[in-house]
Amino acid sequence: MVDWEGPLSKAYERALTYLEGLPEREVGPRATAEELHQALGGPLPIGPTDPREVIEHLAKGVDDGLLPSGSGRFFGFVFGGATPASLAADWLTTVWDQNAGLYAASPAAAVVEDVTARWLVELFGLPASTSVGFVTGAQMANFTALAAARHEVLRRAGWDVEQDGLIGAPPIRVLAGAERHDTIDRALRFLGLGTNSIVPIAVDDQGRMRADALAEALDANPGRTTGRSGINRPTIVCAQAGNVNTGAFDPIAEICEIAHAHQAWVHVDGAFGLWAAVSPGLRQLVDGIDRADSWATDAHKWLNVPYDSGIVLCAHPEPHRAAMSIRAAYLIQDENGERDSLDYNPEFSRRARGIPVYAAIRALGRDGIAEIVDRCQAMADRFAQNLRANDIEVLNDVVLNQVLVRFGDDAVTRRVVTDVQNEGTCWMSGTTWQGKAAMRISVSNWTTGPDDIDRSAAAVLKVFRQLSIS
Ligand SMILES: Cc1ncc(COP(=O)(O)O)c(C=O)c1O
């Protein structure tokens, strides 16, 4: 009989030790790369090892190299942690090991994801017919949505990109804010449009696309082809809900109105910011969101679902399917009227990553999700106020969960970031905002509370003061 219990109970024991230790654990890796190679490396194993021993060795070997991003005092990037229900469901997703590409390959996974898709559409307040794909992250959500956009704007120009490719196709222009996320550029590279297809649109001091600049560019910018009117050229506009540095939102309602007057497709990258739509208090930040054509977001960020969990949503299921779908004789498709997710995903076989999203939504409910978003926003505010009260400069308007902090000059700011990371109370990274180095604080963990903020702010101030006197 297979010993499942040995390795699984070892994993369970190790998991509990890790999770229960998080609140007081030093927030940062403790081992050097060399030490990790030492602990985990060695020659290729030739013979077998007992699975329990493998799990013990692995858990011990990685421990000091883990970045405890599930801690309430982790403010790096926009990572988020994992709620108990989503984490437990993620384990079961692995246990069940379903291939979620086809209904026939897992009726259970297909139905769970279908239900979850409808819940997400309702949570975000999007059109009821919106189609959904569960992808690895916002990078692939941006890619998938822009593939649908590419299909549709070229179809309207009489070109079938799925069949004929891009050679000889009418050029597509992509208008995107100068402060767009870099994954938009990478998605355009993957799609064969290239980064030179982007017409960067001026932004304001918070990184929001300026609607007047967009209108001007749509009217005037002929792109790289000549002799054609700016109107009715295949055009995609990429807006952003939640700038990765400031958290600021593009004026989406205005952007949709202007872009749609030019028959452009509007895509919204809302990797974390789209979750503001769930909070009654913050929803005005995404005003007009339901008028866009596609959206990208992550469950692994603010919904606090384990990695990898991105979501693509498309107001127009037809182009979404046209860009993604695939048929093969040996598959079981089109027989039961149920959704085959490979029609909406760039992957073929894939993990049933909608299951942990289902569990997260079921456990929290709409109100619980809104509470996390609101609390993170309040905690970001608290961090900013705490620092400002000590004469530290906060560079951005704290509208969501992002705080950009500057300590005098670039060199000191970078040094404070590194020293805080080494100090261990909390962890955040640095960035450059409008030419100035900044500490970038992102509050997106479901456990973060006032005590985490006050301890972290005190640690930041202590590090800064020590630097100032040394
Ligand atoms: C605005 C924005 N778009 C896209 C991404 C990429 O998301 P992911 O890392 O899930 O692919 C991020 C994340 O870091 C982001 O903040």
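Which residues in α2 meet which residues in α3? The first legend answers this question.

The model is predicted, local features need pLDDT of at least 70, side-chain atom pairs count only at pLDDT 80 or more, and totals for chains, interfaces and linings use all residues. Residues are numbered from 1 along each chain as its sequence is written, and side-chain values use heavy atoms, with hydrogens and water left out.

**View 1. Contact of helices α2 and α3.** Leu36, Ala39 and Leu40 in α2 meet His57, Leu58, Gly61 and Val62 in α3 (contact: heavy atoms within 4.5 Å; helices: DSSP runs of H or I, at least four residues, and strands: runs of E, at least two, both numbered from the N terminus). The axes of α2 (residues 33–40) and α3 (residues 51–63) cross at roughly 170° and come within 9 Å (axes: lines fitted to C-alpha atoms over the stretch in contact; angles: 0 to 180 degrees between N-to-C directions). The helix α2 is therefore roughly antiparallel to α3 (roughly parallel: under 35 degrees; roughly antiparallel: over 145; roughly perpendicular: 65 to 115; oblique: the rest).

**View 2. Packing of helices α5 and α12.** Helix α5 (residues 107–124) packs against helix α12 (residues 354–388) at about 35°, with the axes 9 Å apart. The crossing of α5 past α12 is left-handed (left-handed: near helix turned anticlockwise from the far one by less than a right angle; right-handed: clockwise). Residues of α5 in the contact include Trp119 and Leu120, and those of α12 include Tyr358 and Arg362. The contact divides into 10 nonpolar, two polar and four charged residues.

**View 3. Packing of helices α13 and α14.** An angle of about 125° and an axis separation of 9 Å describe the packing of α13 (residues 410–423) with α14 (residues 450–469). The two helices, α13 and α14, are therefore oblique to each other. The crossing of α13 past α14 is right-handed. Eight nonpolar, no polar and four charged residues form the contact of α13 with α14.

View 4. Ala138, Gln139, Asp269, Asp298 and His300 come nearest among the 13 residues around the ligand (near: a heavy atom within 4 Å). A ligand nitrogen atom is 2.7 Å from a side-chain N or O atom of Asp269. Ligand oxygen atoms are placed 2.6 Å from a side-chain N or O atom of Asp298 and 3.1 Å from one of Lys301.

**View 5. Backbone geometry in two loops.** Most residues other than glycine have a negative phi, and most peptide bonds are trans. Tyr307 and Asp308 are joined by a cis peptide bond, with omega about -5°; Asp308 lies in the loop between β6 (294–298) and β7 (310–314). Asp391, although not a glycine, has a positive phi of about 65° and is found in the loop between α12 and β8 (393–394).

Notes:
Ala, Val, Leu, Ile, Met, Phe, Trp, Tyr, Cys and Pro count as nonpolar, Asp, Glu, Lys and Arg as charged, and the others, Gly among them, as polar. A polar contact is a pair of N or O atoms within 3.5 Å; within protein, one must be able to donate a hydrogen and the other to accept it, and residues adjacent in sequence count only if both atoms are side-chain atoms.
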